[in-house]
Amino acid sequence: MNDPKVVVALDFDNQADAFAFVDKIQPSDCRLKVGKEMFTYFGPDFVKALVDRGFDVFLDLKFHDIPNTVAKAVTAAAELGVWMVNVHASGGLAMMQKAKEALAPYGDKAPLLIAVTVLTSMSEDDLIGLGITKSPGEQVQHLANLTKRAGLDGVVCSAQEAETLKNNLGKDFKLITPGIRPLGASVDDQKRIMTPEQAIDVGVDYLVIGRPITQAAEPQKVLQDINLSIK
Ligand SMILES: O=c1ccn([C@@H]2O[C@H](COP(=O)(O)O)[C@@H](O)[C@H]2O)c(=O)[nH]1
């Protein structure tokens, strides 16, 4: 597979387990995501080790700060050689524009820059708790419009919003969706979920999948089965 659709969320609390998994897979099987847990424990060296092994790495640190700080943080991500990096769309238009500008000097070596809309662990009730009266779908659309206006490459959303976003924002605007659960897998703390097959059918570009793979008794087999199911 030349353009793997699965991005495995490497959410381990130790590098030995992470590398035990990584050593058994190829960059053609999947991309890898490093998030807040592993980056906080193991830092840029861990990210570089994955990049050096030939993997496309999504650095999922969801930057949300003033424009200058976020621009410098995405620059640091570009220096690590990652494939994708993200910010929170709720950081606003100016912040996203400044982040995009910061990557211009990297040309075609720049990581894809995407924005988180509404976390897949959130429901309508959670939004109400934040004082947001839009439904998750409406809020995702609102933040995705803002992200496209800022010139970013795509958004993190749930697969439940993918069909509408693809229709409204075009096929080149990338949709990256966590909250993916193979049939029968534990839902965990995710609320807006879909199966891998359903997600691909509604136009998702990249499926972020963590625990259903990494906590399985045979992680490589689960990854292989998912890849076969979305071929
Ligand atoms: O809206 C979001 C944004 C990011 N995530 C991250 O994706 C993975 C999902 O892991 P699972 O084990 O498959 O639930 C995790 O690293 C989250 O930080 C998300 O779930 N939702």
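Predicted model: local features only at pLDDT ≥ 70, side-chain atom pairs only at ≥ 80, totals over all residues.
The UniProt record, in an unreviewed entry, lists residues 5-226 as "domain: Orotidine 5'-phosphate decarboxylase". In the model, this span is 43% helix and 16% strand. Its end C-alpha atoms lie 10 Å apart.

Eight strands form a closed barrel in the order E1-E2-E3-E4-E5-E6-E7-E8, and their pairing is parallel. From one strand to the next, the twist averages 25 degrees. In general, strands of a sheet pair through backbone hydrogen bonds, in either a parallel or an antiparallel arrangement.

Strand E1 covers residues 6-9, and strand E8 covers residues 206-209. These two strands run parallel and are joined by three bridges. Within this pairing, Val7 has Val208 of E8 as its bridge partner. E1 is also joined to E2 by three bridges, again in parallel. Here Ala9 stands opposite Lys33 of E2.

Strand E2 is covered on both faces. Arg31 and Lys33 are buried on one side. Leu32 and Val34 are buried on the other. Helix H2, residues 36-52, lies across E2 (31-34) and E3. The helix runs at about 145 degrees to E3.

The pairing of E3 with E4 is parallel and spans three bridges. Leu59 stands opposite Val85 of E4 in this pairing. Strand E4 comprises residues 84-88. It is largely enclosed by the rest of the structure, because four of its five residues are buried.

Val57 lies in strand E3. This residue counts as buried because 26 other C-beta atoms lie within 10 Å, against a cut-off of 20 or more. Leaving out residues up to four places away in sequence, Val57 touches Leu32, Val34, Val47, Leu50, Val51, Val82 and Trp83. Two of these residues, Leu32 and Val34, are the buried pair on one side of E2. Val57 and Ala9 are 48 residues apart along the chain, and their C-alpha atoms are separated by 10.0 Å.

Lys62 also belongs to strand E3, which spans residues 57-63. The unreviewed UniProt entry lists Lys62 under "active site". Such an annotation may be inferred rather than shown by experiment. Lys62 is partly exposed, because 16 other C-beta atoms lie within 10 Å, and this class falls between the cut-offs for exposed, 12 or fewer, and buried, 20 or more. Apart from its neighbours within four places in sequence, Lys62 is in contact with Asn86, Val87, His88 and Val116.

The backbone at Lys62 has a positive phi of about 45 degrees, although the residue is not a glycine. Most residues other than glycine have a negative phi. Asp188 likewise has a positive phi, near 55 degrees, and is a residue other than glycine. Asp188 sits in the loop between strand E7 (174-177) and helix H8 (196-201). With 14 other C-beta atoms within 10 Å, Asp188 is partly exposed.

Pro111 occupies the loop between helix H4 (93-103) and strand E5 (112-116). Pro111 is buried, since 22 other C-beta atoms lie within 10 Å. Beyond its neighbours within four places in sequence, Pro111 is in contact with Ala77, Ala78, Val82, Trp83, Met84, Val85 and Leu103. Val82 and Trp83 are also among the residues touched by Val57. Pro111 and Gly170 are 59 residues apart in sequence. In space they are 20 Å apart, C-alpha to C-alpha.

Methods:
Residues numbered from 1 in each chain as written. Contact = placed C-beta atoms within 7 Å. Pairing = 2+ DSSP bridges. Axes fitted to C-alpha atoms, helices over the stretch in contact; angles between N-to-C directions.
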